[in-house]
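Colleague: I have a model open on my screen and would like to learn how to read it. Could you take me through some features one by one?

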Amino acid sequence: MKTHTFGPEYGFATRAVHTGNDIDQDSGAIKRPITLANSYALPYDPTDMNWSSAGGNLYTRNGGTNQKYLQERLASLEGGEDCVVLGSGVAALSGLFFAMLNQGDHVIFSSVTYIAVYRLLNELFNNKFGVETTIVDTSDPANVEAAIRPNTKLIHIETPGNPTLTISDIAAIAEIAHRHGALLSVDNTFASPFNQRPIELGADFTIESLTKYINGHGDAMGGAIIGRTEHLDKIRAQSQVNLGGIISPFNAWLITRGSVTLPLRMRQHNENARKVAQWLEAQPCVSFVAYPGLESHKGHEVAKKQMSPGFGGVLSFGLKADHDTHNRFVSYLNVITSAVSLGHDESLIVFLGENDERQYLYPEEFHNGFFRFSVGIEDVEDIIGDLKQAMEKAGLYDQ
Ligand SMILES: *Cc1c(COP(=O)(O)O)cnc(C)c1O
């Protein structure tokens, strides 16, 4: 019977199909089953069991089989030694920060990140636990170097950053972190491991919101931390078993299933987003387009160095329009859905920025409201056609 693991000698797409899957020894089924039971049989003499241990089959909060299969696949796709999967991307972020930071430690993080990073580090960890924080524009590595203190423990960046698509140089920042005895974590959600693998570029941790591209179908939440076992054992013990941020077996199974087509979907996202970005850039009613694949993007050269074969499916753009015209434009869209989240099969658009308290941290062109657009895998002619007819109806070609 075929039972072997698929290591790095195999290509990305082969590993996305096979790693973490195997023949079920009980039934011979060629897909591993979902194990919904939350408890596992104890040995004859359980007195020596460590009830807080992670990994073995004991109780699903300590680790379940579907979580384990997904972890095998993600560690492989990200090029990391080990992986912990939790219940959401934010559970992965807070789980990393909770296990790795102590009172009195200092953290540097990007001025452009997912909102929960700002809340966690700048408000909660800071005020509750006495963790020092500095927010810097990490698109220039010199700003990171200048912010280092003797107690800097962790640097956390997001590239491309949500929602401005700001690019930071992973290899350069990893070098700075390690020279000063700090660790680097990179939120890779916008790129996905198909386009960018931070650990191969020197990062210590990669964070993924599995809710986005890796699941890809908009029907499950999950998060992953990829890194070295010495660190992940700590995260498993503190943040999985004791904080309890576990993923449900069903969601782990859904995400494992969704991730099979990650390479196919990402190829289409990359291509559609590039074409949509180019089209938007040519429209007179569009004030700016931020997409790292465009030559006009400030971070294009760094993005080309660390992202391949493409630049992902998310872009941001501005319209030369007043407040109400933005809303009317969205109301005329038929193919593109107005909703938060990104990385789904369908195109999703959200109007942001007018009331964002972090606006002062964003580049100037983002200050009057903008759209974050997650370009889906529909026919690109239909996506562009939908934007065009909504712009026409909203009167954006008449000004
Ligand atoms: C969505 C997102 C997260 C949070 O993930 P959830 O699964 O929603 O908790 C973290 N980082 C980035 C870049 C995201 O886009």
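Colleague: Which residues is Leu 396 in contact with, leaving aside its neighbours within four places in sequence?

Modeller: Contact means heavy atoms within 4.5 Å. By that rule Leu 396 touches Cys 285, Leu 319, Lys 320, Ala 321, Thr 325, Phe 329 and Met 391, once neighbours within four places in sequence are set aside. Please keep in mind that this is a predicted model, where local features need pLDDT of at least 70 and side-chain atom pairs count only at pLDDT 80 or more, while totals for chains, interfaces and linings use all residues. Residues are numbered from 1 along each chain as its sequence is written, and side-chain values use heavy atoms, with hydrogens and water left out.

Colleague: Where is Leu 396 placed, and is Leu 396 buried or exposed?

Modeller: Leu 396 is in the segment after α13 (380-393); helices (H or I, at least four residues) and strands (E, at least two) are DSSP runs, numbered from the N terminus. Buried means under 20% relative accessible area, exposed over 50%, and partly exposed in between, with a 1.4 Å probe and protein chains only. Leu 396 has 4% relative accessibility, so it counts as buried. From Leu 396 to Leu 319 the C-alpha distance is 8.5 Å, although 77 residues separate them in sequence.

Colleague: What is the strand order in the open sheet of five strands?

Modeller: Two strands pair if DSSP finds at least two bridges between them. Here the order is β8-β9-β12-β11-β10, and the pairing is mixed. Because β8 (286-290) and β10 (337-338) are at the edges with a single partner strand each, one side of each has no neighbour in the sheet. Strands β9 (residues 314-319) and β12 (residues 370-374) run antiparallel and are joined by four bridges, with Ser 316 opposite Arg 372 in β12.

Colleague: Which strands does helix α12 lie across?

Modeller: Angles run from 0 to 180 degrees between N-to-C directions, and axes are lines fitted to C-alpha atoms, for helices over the stretch in contact. Helix α12 (residues 323-331) lies across β9, β10, β11 (348-352) and β12, at about 170° to β11.

Colleague: How many strands form the sheet that contains β1?

Modeller: Seven strands form that open sheet, in the order β1-β7-β6-β5-β4-β2-β3, with mixed pairing. On average, neighbouring strands in this sheet are turned by 20° against each other, direction ignored. β1 and β7 pair in the antiparallel sense over five bridges, and Val 84 has Ile 225 in β7 as its bridge partner. Ile 225 also stands opposite Ile 207.

Colleague: Which residues are buried on each face of β1?

Modeller: Asp 82, Val 84 and Leu 86 are buried on one side, and Cys 83 and Val 85 on the other. Five of the five residues of β1 are buried, so the strand is largely enclosed by the rest of the structure.

Colleague: How are two packed helices described?

Modeller: The description uses the angle between their axes and the distance between the axes. In this model, α2 (residues 65-78) and α9 (residues 249-259) pack at about 30°, with axes 8 Å apart. Angles under 35 degrees count as roughly parallel, over 145 as roughly antiparallel, 65 to 115 as roughly perpendicular and the rest as oblique. That is why α2 and α9 are roughly parallel to each other.

Colleague: Which residues of α2 meet α9?

Modeller: Asn 66, Gln 67, Leu 70 and Arg 73 in α2 do, and their counterparts in α9 include Trp 253 and Ile 255.
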